[in-house]
Structures are given as C-alpha cells and as structure tokens.
Amino acid sequence: MTRPLAQGLFRRRTWSRLTDLMIFAGALAVFSAALTIGRTWLGPFTPVAELSTSPRALPGYAAYSLARIVIAYALSLAFALVYGYAAARSERAARVLLPLLDILQSIPVLSFLPGVMLAMVALFPRRQMGLELGAILLIFTGQAWNIAFSFYSSLKAIPRELDEAAKIYRFSRWQRFTELELPSAAIGLVWNSMMSVAGGWFFLMACEMFVLGRRDFRLPGLGSYLQTAADAGDTRGILWGLAAMIGVIVLMDQLIWRPVIAWADKFKIEQVESAAGEREQHSTVLALLRRSGVPAALYRKVIAPAGERITLFFARRAGQAPSPRPAARAAGWKMWLGRALAAALVAALGYAALRACLALQQLTSAEILEVGRGAGITFLRVSVALALGAAWAVPAGVAIGSSPRLARIAQPLAQVAASVPATALFPVVLLVLIHAGRGMGLAAIVLMLLGTQWYILFNVIAGAMAIPTDLKEAAGIFRFGRWDRWRKLILPGIFPYLVTGMLTAAGGAWNASIIAEYFHFRGEIRSTPGLGATISRATDAGEFHVLLAATLVMAVIVVTMNRLVWQRLYRLAETRFKLET
Amino acid sequence: MPETNAAEAILEARALEKFFLQPDGGRIEVIAPTDLVVGAGKIIALLGPSGCGKSTLLRMLTGLARPSAGQVLWHGQPLDGQTPNVAIVFQSFALFPWLSVLENVEAPLEARGVAAIERRKRALKILDAVGLDGFETAYPKELSGGMKQRVGFARAVVVEPEVLFMDEPFSALDVLTAETLRGELLELWLDHKIPTRAIFLVTHNIEEAVVLADRIIVLGHNPARIRADFEVGLQHPRERKSERFVELVDHIYKVLTQPTVEHASPGEAKPAGAPVRYPMLPHARPGGIAGLLEILLDRQGRDDLHRLAAELVMEADDLLPIVEAAQILGFLRVQEGDVELTAEGRAFAEADILTRKMLFRQAALTHVPLLRQMECALKAKADRALPDDFFHDVLDEHFTEDEARRQLETAIHWGRYAELFDYDAATGRLVLTET
C-alpha cells in the first residue's frame, strides 16, 4: 500500500523541481531583460524613437513599459514610506504634509509634465537617461500619493496596546519599523500598490509619448505603440497593442498580485480566525512557490541572517545609549534643522508663487475665459459620468454583493474588466462612436465612465456584503416592498461605501479628463471643450501660463469638492449611517 | 500603613498627579497627588472602579506616560522618560498577529540584543512553563483567549523584569478560563518559578484582588485617590467562603461606597479648605436602577452589598454605579456596606411604569443639579429647545472631554426616561416636554 503514497510524493517532488526550474528561468529572463533595457537607457539620446508597427516588437515594448512602471512604483513606495512616517511622527509636520498630499493628488499627471521633463532634460542634456527618468517620474506622480496616504493612515491606526508593548519591551526604531509598523500597514500598502500600478498603466500613453513646447518626444514602449497606432488609424495595431497590454496586466495579476494578497492575509489585525463565510485568499502560484525549495532556501540562507544581524545591531546600539537626555538638549540640533528646512520650504514656495504670478499675468482674457468655461463643462461632464456610473454600479453591486453565488462568478470577471486600462480601450471606443456619428463629447464621458465605474462597483459590492443578515431578515418579516427595502435598508446600509467609491471615482474622472477630452486620433486632434482639453492643448502648444492656470483651477475645484461635499458626506456616513452596535 | 522597608522599595511614586489644563487656566484633575511604594516579594493589587484612572496610574509608574506633576523613582533614581526593567501583561493580550507564538515571546529578547540560539532556548523554556509546549509555531488567531494571555505572560516574564505589571489581565476572558489562569499564576509565583521580584496587578474585580494579592490598594474616583492600603493576611490557598475572605470583601465594598468628604451636595456648607467637586453622575441606566430596587424589595428592603453582588453574579464595577445612582436619587441608603430602601425607593419599586416615571422625574429634579440646570435653561427659552453642545460646554469645564461626553449621555438618558425633555440625535437638540 505504499505505492500510491510514493507516487504522490514523487509527483509532488517533480512539481517542486519544476517550480524551481521555472523560478531560475524567470530570474534569468528578468536579469537579461534588465541588462538590455539598461543598455538602451544609457545609450545615445533618441528623442523620437523609431517604433516598429509589427506585433513581433510588442514583447520588447512591453518589457520597456513594465520596467518603467516597476521602477516608478519602487520610487513611489520609498517616497510613501518616508512621507507617511514623517507625517505620522510629528503633528506639526502633518499639518503641512497632509493638505499638501491632498493638493498633489488633485493635480493631473500631465501638469507635472513640463516641470519634470524640463528638469530631467536639463540634468541629462544629451542622454536617453534623462528622458527615461522623466517618464518614470511622471508615472511616479500618478502613483505615489495614495500609497503615502495609506501608510500614514495605517500608522495612525496601530492599536494602542501594541504600541505600548513595543515601547515597554524596548524595541529599537528598526525593530519597531519591521515588526510593528510595516506589518500593520501591509494590507493597505498591497491594495494601494495595486491601484497605483493600475494607475501607471492608465497614464502610460501620456507618459511615453508627448509633445513639449515645439519638441516631440517618443519613448519605446506599449503606450507610445498604442498612441502611434491610434494616430495612424491602424486598427490591427491597436488591437494587437491592446492584447499585449491586457496580457501583461493579467500575467502580473496572476504571478504577482494574487500571491502577494494571499500572503498578506497573515497581516490582518484580526484576533480571531475569519468566519466561515469569508473566503480565504487562495493562490496557486503562492502554493507552488511555498513548495519549491528556492524561496525558502533564499530566505533561510540570505534574508533571515541579514535581517537578524541588522536587528541585533540596532538593538545593542539602543541598549548602550545613555538614558534619554533631558528634553532640552535632545531638541537642540533637530529643532534648528527643522527650522532651517521650514525656512527653505517657505522660501522655495515663495519663489514658486512669485514665478507663478508672473506667468499668470500673461493670461489674455480669451484664455481666462477658456479656462473658466472648460472648468464648468468638465465639472458637468464629471457629474454626468458619476451619475451614470452610480446608476448602473449601485444596482449591479447590490445584486452581486447580496448573492454569494452571483458574486463567485461576477467578481473575478469584474476584476479582469477593471484591470484593463480604459485609456488603452479609448481608440476602440472612439472608432465605434465615430462610426455611429457621435462626437468627442460623448466619447469623453464614456472614457471617464470606463475608468471610474469600477471604484463605485467594488465599493458597493463590499457595502452590500456588509449589511447584516438580521436586518435583511427583519425587512423580510415585515414584508418591506422593494421601494421600502431600498430606501430604508439598502441605501443607508451601503452609504459609507458608496461615498468612498464616489469620492475615488470623482478624483479619477478629473484626472482622466486630460486624455478623455483631447486625443490624437488618425492624424488629427480630436477634442471637446473642457478643462482637461485645455491642459493637454496647452502642454502640446507649450503655453505654460495657460497650463498653470488650468492646473490651479482643477486643483482648487477638486480640493474644494473634497472639503465641501465628500468630507461632509463621509462624516455623515461615520455618524448616522455606521452599521455597528 | 504597611511597612515597606525603604531600602527594599523598587518603585516609588511621590506626589504623582495627572491633570488636564483648561484654556481658561482651570484644571481637571484625573489623579490626585498620590504616594505609592512598590516593594519586593509581594503581589500588590490596585483596585478601583472602571474609568477611575488606575490604568493611567499604571502607565505613569511604568514610564509609558508622563505625569503632570510629581516623580516616579526607580531604585531611588527618577525615571525621566526611560522605561525601567518592567513588563506589562495587557488586557487585550497585545500580541503581534503576524508573528508566531515563539516569535512573539522572542521579540523582547531580540530587543535586548540576545543572540538567536540563546533567545530560542529561553523562549522555549518559558513556553513550556506556561503550558504552551507544542504551540510554538501557531499564530495568535489560532489560539483561544486563555492561551493568548499565556503567551502574553510568557513574553512578559522571559526578560526577567523586576516588577511584573498586569493591566486587568483576566477581564477579557470568560469566568472559567480566568479562574484557571489565576490559579496557575499563583502556583508559579508561590513556587518561585516567576523570575520577578514583585507583581503589580490592576483590576476592578474585588474577589480577584482578595484571592491573589498580599497587599491591596483601593482607588476611588473623581479624582483618583488612594482610599485604603492594607495587607491581606490570608494564607494560600484562600477559601472564598471563609469568614475572613468575606470580611475583606465587605470591607472593600464599604471603602468604595464611603462618601468622600469633598463630595458636598449643593446647598451644604463647604467643608473648610476642601474644594467642592462638581457632582458626577454615575453611569447607570434607569432600567438598572429599577431592577436593583425591585430586587431589594424582594429581600425585605435591605441587604449586604457583597452578598448582593455575589448572588447576582455582578462585579463591583457593574453594581456600584447603580447603587450610587439610586443613592443620589434618594431611593437607597448605604451604610457600612449595607444597602437599604428608603420610603421613596419602596414606592418606586412597587409602582407601575407610568408612576415610576413620575417618581423618577421628581427625584431627578430634586437631587440631580445637572438635570435641574437643564430644565431651567430649556424653560428660559421661548421655543423650549437648546442644542446639546450648550450643556456639553458646561460639563467640559469640570471633566475631561471623554467624561464630559459620557456625563451628557447619561443625563440625556435619565432626562428622556423622566420625560423631562425629548432629544433628537440627528440635530442634537433637546426640547422640553410640555406637561
């Protein structure tokens, strides 16, 4: 009777050997790709890269785009950790840093384009590296802010007694960071990273191919491939490019995100095993990786000993330090450094404000009118897109969230659909709409809708799942009619989640307007009046003062809407509509 | 006062005080100037009702929180912001969910720079001692409450602290598990298996304190102040039904229900030199008060407090606020640890629902100044309505923000029961009911 057992063991061992081989092959592929990419980037300056329209070039272009997004993400993560930590540690810093984050989040990616690009080209005048860094930094501006915010919130949400335990047991700063702060932020970081990388794909086209002043820039990559194909009206090219992008995204999802989410389950700050109803995250890739010998060996031989040595180093150093010097002396140099930094910041801001005012003075009344009109029209457009999105996402979300069977089918489908960047679909959408005789106005709303309806849908699903069963039962027993059920149970129940979804969707819609309202298609520029179109047009034409004015107006509108509308609704959601006993 | 050899004192608090400064210069005192000495070789229990500030006191003693005034001396040296060689067992266990049991216990050793092999050895030894052998690789979410607290205990003890602090360690556990763990703690302590010189236990459970402690310090509230500090002379194992045990519990109830000298009711002459404290509403519901009075009626109108608590299986923490509330309303008399119904209390217990409301309303308006104040203020307005923030501001001057909010909630609850006013939570408005 040992034969079936031996066979089972044998099969398992072959599988783990196979996984080992695949890991080695994968590592080798990544290494050689990195080498090739590095060689191009350090090579000669090619402002307008030659793009081949053949589908065979696609894997290469995909690799370039992927590299840019990954590096931008790494930068975003590093930035977020530092920024979030600074804001969480010091109340005074938080008073400046948090509103600043709010404002930065409301500035569309394209508005950073002139500043970033000019800076990079100035730093590396005749090198490809300058352009690449600029593209990477641009992608960074679309990724960094929400991760920073998530890390800050997680730090503030650490349970008080865990914090006290770390203090009383004399954790060094390093041990505190690796064993308390980072793990408690892990889940938030993972989900926000997914959103950020998706945002990277969304804006890829704008970051890889753009016009700055009188110069054209084009970097080899999927984004520029798609935009070139759209410009040329090459339908086949568009479809191939789309397929390549979706392929890469799905691959990343399966190979990276799903295993990471499954692994991050262990960081949930819940003290009890989740109820049977909640599905535990599964990932075949993670299971395979766990069985393979390579990651475990790597951990045991390299990572764990290194981590141990660093932790002990800091622990011993903390132990040897003299008892905390009286408050006066400690504040000494730190206080002066803080003051110096603050002074420098104020000076920089003052200078920037001065330059901005000077630039704004160049505005003609026609341009001011354009900006004003554009703001109004885009505002309407965003509102319509939000209303349409909510109109279909709320009923669908409630239906999916209330029925586990439906959820099992619909959720993975929705997740795949949501991961396709709407900007990549845009040429196809335009084609269809132009055939039907409609214009950019409608297309812009459709694009905004495509990009943001998923936020509303997923949040409503979560909200519908969270409605307690006993409330549903009470509604059933008292024979609530459909209208009553919606009015008294469902809508109040999902209200907090709906607000979160709409808030994120609104921000996304404003940001998407720069592409939705102004697009290079078939050799001509298709645009419709709006603030996003103004920003894109001004970037194209090099009219930086118009760009500045339009950006300011957009930032002001988004931040004001946040304060006046969304935060109020959020507070209402927290007090009146909170579903906890 | 118990004799604690000055040379033996490990931890000493001198004039330790916690207060909050008001913008207008006034002070809200949470902990009155307190002197405390922790010596070696004993289990000391700090006993007091919930919310009285004993956890704050613990945090000041361990260096986690800074006192507003006064000093904490560790072996004669002031603490000044560092953490002394102590450990804390927390009420909510405070285990790191992403670390295994072994990693949780090793973490404090890691923080002290102990090498990996030595760490593992010491951690495994202590896990064995608390009975968790075999669970080293388990994660906290796989463990029951009792096991989690064992891990918390193992973690606290593995660094060999000089004083082991325990902040209501058994409150989050069910009765049976708590009982088991208490027994194990005692066993380990009496067998000298715990490498610590003193245990400082903070609790609100009177029986727990008498079962475990060699010395009990009773803390009053508003503001927190030591009301009693005495030695428990009982031998282990301690019988809960023994005469001396019951006597001690009774004595503690007596101490806790003794009126404080400064608690002058409005209208009475102020005792010379003592500041008059703004009367604090105990957080009890009219339903609870009614229930207590009915039960007393059943027992011919009087009973022993600790016997009542034991039979109702209520902790002092839950029973005392109700008793205090009934006392303020004039329905009860408390004397030497015994409660007795007054004539009004008897009438209340015997009445029907509507009559009760009327009696409650009368008693509230007569004895509760805050409700009287609220009724007057509402009457003074033409539309008979006021926002709740108005009264919140009044309370804010006398209580911390949390306590002010709770006081207002209790007052509104009583006022609604007494049909004094209506309250709309959405708009936050109080409206006088027309009689």
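Tyr455(A) is located in helix α17 (residues 440–466) of chain A; helices (H or I, at least four residues) and strands (E, at least two) are DSSP runs, numbered from the N terminus. The model is a predicted one, in which local features need pLDDT of at least 70, side-chain atom pairs count only at pLDDT 80 or more, and totals for chains, interfaces and linings use all residues. Residues are numbered from 1 along each chain as its sequence is written, while chains are lettered from A and ligands numbered from 1 in the order in which they are written.

Tyr455(A) counts as buried because it has 23 C-beta neighbours inside 10 Å. The term has a cut-off: a residue is buried if 20 or more other C-beta atoms lie within 10 Å of its own, exposed if 12 or fewer, and partly exposed in between, with C-beta atoms placed from the backbone. Leaving aside neighbours within four places in sequence, Tyr455(A) is in contact with Gly501(A), Thr504(A), Ala505(A) and Gly508(A); two residues are in contact if their C-beta atoms, placed from the backbone, lie within 7 Å. Gly507(A) is 52 residues from Tyr455(A) along the chain, and their C-alpha atoms are separated by 11 Å.

## An exposed arginine and a hairpin

Arg571(A) belongs to helix α21 (residues 544–575) of chain A. This residue counts as exposed because it has 11 C-beta neighbours inside 10 Å.

Strand β3 (residues 518–521) and strand β4 (residues 524–527) of chain A pair in the antiparallel sense over four bridges; strands pair if DSSP finds at least two bridges between them. Within this pairing, His520(A) stands opposite Ile525(A) in β4(A). The two strands β3(A) and β4(A) form a hairpin with two residues between them, and Arg522(A) in the turn has a positive phi of about 55 degrees.

## Nonpolar cores

A nonpolar core is a set of buried Ala, Val, Leu, Ile, Met, Phe, Trp, Tyr and Cys residues joined through C-beta atoms within 7 Å. The largest has 130 residues, of which Ala45(B), Leu47(B), Ala154(B), Leu201(B), Leu293(B) and Ala326(B) touch the most other members. Helix α10 (residues 316–328) of chain B gives this core its largest share, eight residues. Apart from it lies another core, of 119 residues, which includes Val121(A), Tyr225(A), Ala505(A) and Ala509(A).

## Contact between the chains

Across the interface, 31 residues of chain A are in contact with 27 residues of chain B. On the side of chain A that touches chain B, α6 (160–168), α7 (173–202) and α12 (293–320) of chain A each supply at least two residues. By class, that side has 13 nonpolar, six polar and 12 charged residues. Here Ala, Val, Leu, Ile, Met, Phe, Trp, Tyr, Cys and Pro count as nonpolar, Asp, Glu, Lys and Arg as charged, and the others, Gly among them, as polar.

## Confidence in chain A

The predictor's confidence in each residue is given as pLDDT, from 0 to 100. Chain A has a mean pLDDT of 82, and 92% of its residues reach 70 or more. Among the elements of chain A, helix α1 (residues 2–41) has the lowest mean pLDDT (74) and α6(A) the highest (93). The pLDDT is below 50 over residues 271–279 of chain A, a stretch that has six contacts in the model beyond near neighbours in sequence.
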